[in-house]
Amino acid sequence: IRAIVRERYHRLVELEKRYRQTVQMRMLSGPKKVEFITKALEEADTLLEQEEYEQAEQKFIAILNLEKSHTRAYEGLGEVYWNLGQWKEAMETYRFLFRRLKEKTPVGYFHRWGESALELGNSTQAVEAFERALAAEPNQPRTLDLLAESAILGANVDVAIVAVEKLKEVNPENQKIPEFEAKIQELRTSMVSTPTG
């Protein structure tokens, strides 16, 4: 019985400690708030480098509790989720970053969004991400390759054809081109309906 009481007491003490920290953080303002966020970012970046992803995630979330629109914290969370293979969270984070950054979105974020979507089997999201990457950086062979692959997986023949044709122009020695063309032909064949009589 004493062990149970002690365990519950320690749990209550821990909850009280977390509550006080949360209240103290919310009361931060001005230079103290900036100081806290700067220090937390440094710590989170160090934790990322050390591959301590769960602890880094907690730091980034603590920052977002104080500053809901802190772009760098969202970028850190995207990195955490990507490295943990939490594809849904990674995809949503990189999509959110695009909505925040608009035309300033780095192409790599579109790739992370699209590749996360591919991991989830969501070819529609992948195609959208890779099309946005191409808009930001046209004629990029890697993006064209990923777009073609995504479009084929989603049975989006028109997008796949355009991506493969462009890929032929910018990277004619790409070894995947014949494979993509064969898959596109398979899709076309499967889409032709045979009349039933």
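Predicted model: local features only at pLDDT ≥ 70, side-chain atom pairs only at ≥ 80, totals over all residues.
Residues are numbered from 1 along each chain as its sequence is written, and side-chain values use heavy atoms, leaving out hydrogens and water.

**Exercise 1.** Find which residues of H2 are buried and what they pack against.

*Solution.* 
- Step 1: Locate helix H2, residues 30–49. Helices are DSSP runs of H or I with at least four residues, numbered from the N terminus.
- Step 2: Pick out Ile37, Ala40, Leu41, Ala44, Leu47 and Leu48, which are buried. Buried means under 20% relative accessible area, exposed over 50%, and partly exposed in between (1.4 Å probe, protein chains only).
- Step 3: Turn to the other side of H2, where Pro31, Lys32, Glu35, Lys39, Glu42 and Glu49 are exposed.
- Step 4: Look at the partners: the buried residues of H2 pack against helix H3 (53–66) and helix H4 (71–84).

**Exercise 2.** Work out what the salt bridge between Asp145 and Lys176 ties together.

*Solution.* 
- Step 1: Check the distance: the closest N and O atoms of Asp145 and Lys176 are 3.2 Å apart. A salt bridge needs a side-chain nitrogen of Lys or Arg within 4 Å of a carboxyl oxygen of Asp or Glu.
- Step 2: Asp145 lies in helix H8 and Lys176 in the loop between helix H9 and helix H10, so the pair ties together parts 31 residues apart in sequence.

Definitions and conventions
Helix = DSSP H or I, 4+ residues; strand = E, 2+ residues; numbered from the N terminus. Expected span 1.5 Å × (residues − 1). Contact = heavy atoms within 4.5 Å.
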